Amino acid sequence: MIDLRSDTITRPTPAMLAAMQAAPVGDDVYEEDPTVHQLETTLAARFGTEAGLFCPSGTMTNQLAIMAHCAPVSEVVCEASAHVYLWEVGGIMHHARASVALLPGERGRLTAAQIAGAIRPTGNVHYPTTRLVCLENTHNRGGGSCYAWADLQAIAALTKEKGLALHLDGARIFNALVATGQRSQDYGQLFDSISVCLSKGLGAPVGSVLLGSAAFIGGCRRLRKLMGGGWRQAGYLAAAGLYALENNVARLADDHARAARLAEALRPLPYVAEILEPETNLLLFRLDESRLTVADFLARLEAAGIRASGFGGSWVRFVTHLDVDDAQLAQVITALR
């Protein structure tokens, strides 16, 4: 089965499994796991921050950051289709007891001007206090869209001027870095916290790392324990992340190229009404359901040994990843035609 539903379905390679098996471990709740420590310090150095915190998921790292940045009766500004709002089970309201100001982005991307207009006036008892801005790069619902560096700089300058925290949901940040040529170490100059996922395009089986200042990460370590996220010999999982950082970043360009090839194959097909041109490894396209419904399309793909995801309405998502090679891509294109 060729699985294009998500880049989360990848499995560790034999070399990654060997690295996991050989990892030295300790008890991470006691901060004694050397491999976890190595992963945290490696990513912190790579993104220009002081410290990191290894967690089971990107949802946990995002929600920890929001809890740490916000107080009850505050507000988070984010794009209307942001993962932190749409797909994290209402965690902002539950964990941080904060409200959310939702803004319509262009393929998920916000501008400094939009954010400036959403900041609540101070001293008015009718409003929550704006505390945090959350960005997502790449943006999932935007079809893997990437922020331009100048736009990130403008937003960071605004949040600094207004005394707001700035968090990055970097679930696919390495895809953005490979696609744009931006430097990871520059991100620490802009963001107060960064969530980096290892279990998507990088191919690790589980895990994300939250990055920020030493004081911020120290507070989040306590919150992680509160949420039940303290783990013991986590170095076996951290080793997979370290292997992925060493071996699976540059190859993300292959996934991007394959997504572009799929878009090219879809373009002339009569049942395809619209394509969001892929910037990275996510490809969103809309069917002309007068010709072919999403349900029928997915069923026909499944019969051909291919899995994909409906993405709401007439939209379908393909995601390329390290478990889909050129031969499999050719099979998908043949089935589409």
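## Second largest cavity

In this predicted model, the second largest cavity is lined by Glu 79, Ala 82, Gly 108, Leu 110, Cys 134, Leu 135, Glu 136, His 139 and Tyr 147. The space inside amounts to about 30 Å³. Strand 5 (residues 129-136) provides the largest share of this lining, 3 residues. By class, the lining consists of 5 nonpolar, 2 polar and 2 charged residues.

## Largest cavity

The search of the whole structure gives 2 cavities of 30 Å³ or more. The largest cavity has a volume of about 60 Å³. Its lining comprises 13 residues, of which Ala 171, Phe 174, Asn 175, Cys 197 and Leu 202 are the closest to the centre.

Helix 8 and strand 7 each contribute at least two residues to the lining of the largest cavity, and the largest share, 3 residues, belongs to helix 8. Sorted by class, the lining of the largest cavity holds 8 nonpolar, 3 polar and 2 charged residues.

Helix 8 spans residues 173-180, and its buried residues include Ile 173, Phe 174, Asn 175, Ala 176 and Leu 177. Among the elements that cover the buried residues of helix 8 are helix 2 (34-47), strand 6 (165-170), helix 9 (184-190), strand 7 (193-197), helix 11 and helix 12 (252-266).

## Nonpolar cores

The largest nonpolar core has 51 residues; Leu 43, Phe 47, Leu 135 and Phe 174 touch the most other members. Helix 11 (residues 235-247) gives the largest share of this core, 6 residues. Another core lies apart from it, with 26 residues that include Leu 262, Leu 301, Phe 318 and Val 332.

Leaving out residues up to four places away in sequence, Leu 43 touches Phe 174, Val 196, Leu 198, Val 209, Leu 211 and Leu 245.

## Ser 208

Ser 208 is part of strand 8 (residues 208-212). Is this residue, at 1% relative accessibility, buried or exposed? Ser 208 counts as buried because its relative accessibility is 1%, with the cut-off for buried set at under 20%.

The Ser 208 side chain reaches the backbone nitrogen of Gly 58 at 3.1 Å. Apart from neighbours within four places in sequence, the contacts of Ser 208 are Leu 53, Phe 54, Cys 55, Pro 56, Ser 57, Gly 58, Thr 61, Val 196, Cys 197 and Leu 198.

Note on methods. Residues numbered from 1 in each chain as written. Predicted model: local features only at pLDDT ≥ 70, side-chain atom pairs only at ≥ 80, totals over all residues. Heavy atoms only, no water. Core = buried A, V, L, I, M, F, W, Y, C linked by side-chain atoms within 4.5 Å. Buried < 20%, exposed > 50% of the residue type's maximum accessible area, 1.4 Å probe, protein only. Helix = DSSP H or I, 4+ residues; strand = E, 2+ residues; numbered from the N terminus. Contact = heavy atoms within 4.5 Å. Polar contact = N/O pair within 3.5 Å; in protein donor to acceptor, adjacent residues only side chain to side chain. 1 Å grid on protein atoms, 1.4 Å probe; cavity = no way out; pocket = protein on both sides within 12 Å on 5 of 7 lines; lining within 4 Å. Points joined across faces, edges and corners; volume = space filled by probe spheres on them. Nonpolar A, V, L, I, M, F, W, Y, C, P; charged D, E, K, R; others polar.
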